[in-house]
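Student: Before we discuss this chain, could you show me the sequence and the model together? I would then like to ask about its overall build, its helices and a few single residues.

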Amino acid sequence: MTGRTYPDETADSFPRPPVSFTDGDGREIRIEESGVDDFERLVEMYDAFDPADRAQGIPPVKEEAVREWLDTLLSEESVNVVAVHDGSPVGHAILVPDSEEAYELAVFVLHDYQSAGIGTKLLEALLGAGQAAGIGKVWLTVERWNEPAIALYEKLGFETSNAESFELEMAIRLS
């Protein structure tokens with residue numbers, strides 16, 4: 001047992017993918033549900049991922065490790081959404097089941113696509129897909145210094161559930 005707590009209130013509903021929008025840099029972005037069919041495209045995205053943008057040791061650096069990691073992420077039990085620009089993934093967000101009937105959230109956006117609103121839309125669509133799948137509880141960890149991410153998670157309805165380490169643990173109740 002982690003001692004993780006979840007808000008009493010259920011979050012508002014989120015949009016379900018597919019979602020199309022123009023990002024802050026004028027690019028046409030489409031967010032869609034993802035799965036094993038996107039495996040090779042996601043390997044390419046993660047190969048291009050800036051090492052400076054890696055947090056908590058993910059995504060992995062070497063292609064073999066990326067492939068093993070994606071095998072887990074793209075399982076039938078997980079919920080995946082991908083942000084696509086000009087036919088290529090530029091962002092990926094995942095809900096992965098844990099051993100406590102909750103789901104851990106992770107989100108990744110390529111460096112050249114950050115700070116343009118893609119992460120926000122990607123997370124909204126992921127949480128909408130999670131609601132559609134009947135997922136009740138979602139949690140994440142974020143480094144304390146990552147104030148922009150923390151502000152985004154709070155805007156979406158996440159609340160801090162554990163602040164006892166150098167990372168914050170945050171949680172939301174979807175249903």
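**The chain and its parts**

Tutor: Among contacts in the chain between residues at least 6 apart in sequence, 62% join residues at least 24 apart, where contact means heavy atoms within 4.5 Å. This is a predicted model, in which local features need pLDDT of at least 70 and side-chain atom pairs count only at pLDDT 80 or more, while totals for chains, interfaces and linings use all residues. Residues are numbered from 1 along each chain as its sequence is written, and side-chain values use heavy atoms, with hydrogens and water left out.

Student: In what order do the elements of the chain run from the N terminus on?

Tutor: The secondary structure comes to 4 helices and 8 strands, these being DSSP runs numbered from the N terminus (helices are H or I with at least four residues, strands are E with at least two). Read from the N terminus on, the order is β-β-α-α-β-β-β-α-β-α-β-β.

Student: Why does the chain count as being as compact as a globular protein of that length?

Tutor: The radius of gyration is taken over C-alpha atoms, and the globule rule is 2.2 Å times the number of residues to the power 0.38. For 175 residues that rule gives 16 Å, and the chain is as compact as a globular protein of that length because its radius of gyration is close to this, at 15 Å.

Student: What percentage of the 175 residues in the chain do buried residues make up?

Tutor: Buried means under 20% relative accessible area, exposed means over 50%, and partly exposed lies in between, with a 1.4 Å probe and protein chains only. On that scale, the share of buried residues among the 175 in the chain is 47%.

Student: How far apart do the centres of the positive and negative side chains lie?

Tutor: Lys and Arg count as positive and Asp and Glu as negative, with His and the chain ends not counted, and the place of a charge is taken as NZ of Lys, CZ of Arg, CG of Asp or CD of Glu. There are 13 positive and 35 negative side chains, and the centres of these two sets are separated by 2 Å.

Student: Why do the buried residues of α2 line one face of the helix, and within what arc do they fall?

Tutor: The buried residues of α2 (63-73) are Val66, Trp69, Leu70 and Leu73. They pack against α1, β3 (79-85), β4 (88-97) and β5 (103-109), whereas Glu64 and Asp71 are exposed on the face turned away from the buried side. The arc is that of the directions from the helix axis to the C-beta atoms. The buried residues of α2 line one face because, seen down the axis, they fall within an arc of 100°.

Student: Which elements do the buried residues of α4 pack against?

Tutor: In α4 (residues 147-156), the buried residues are Ala149, Ile150, Leu152, Tyr153 and Leu156. They cover an arc of only 160° around the axis, which puts them on the same side of α4. The face turned away from that buried side carries the exposed Glu147, Pro148 and Lys155, while the buried residues of α4 pack against β5, α3, β6 (137-143) and β8 (167-173).

**Single residues**

Student: Is Tyr46 buried or exposed?

Tutor: Tyr46 has its place in helix α1. Leaving aside neighbours within four places in sequence, Tyr46 is in contact with Arg54, Pro59, Val66, Trp69, Leu70, His92, Ile94 and Phe108. With a relative accessible area of 0%, Tyr46 is buried.

Student: And is Pro51 buried or exposed?

Tutor: Pro51 is found in the loop between α1 (39-47) and α2, and its C-alpha lies 20 Å from that of Val82, a residue 31 places away in sequence. Since its relative accessible area is 60%, Pro51 is exposed.

Student: What value does phi of Ser115 lie near?

Tutor: Ser115 sits in the loop between β5 and α3 (118-132), and at 84% relative accessibility Ser115 counts as exposed. Its phi is positive in a residue other than glycine, with a value near 60°.

Student: Where does Asp86 lie?

Tutor: Asp86 has a positive phi, near 50°, in a residue other than glycine. Asp86 is also exposed, with a relative accessible area of 71%, and its place is in the loop between β3 and β4.
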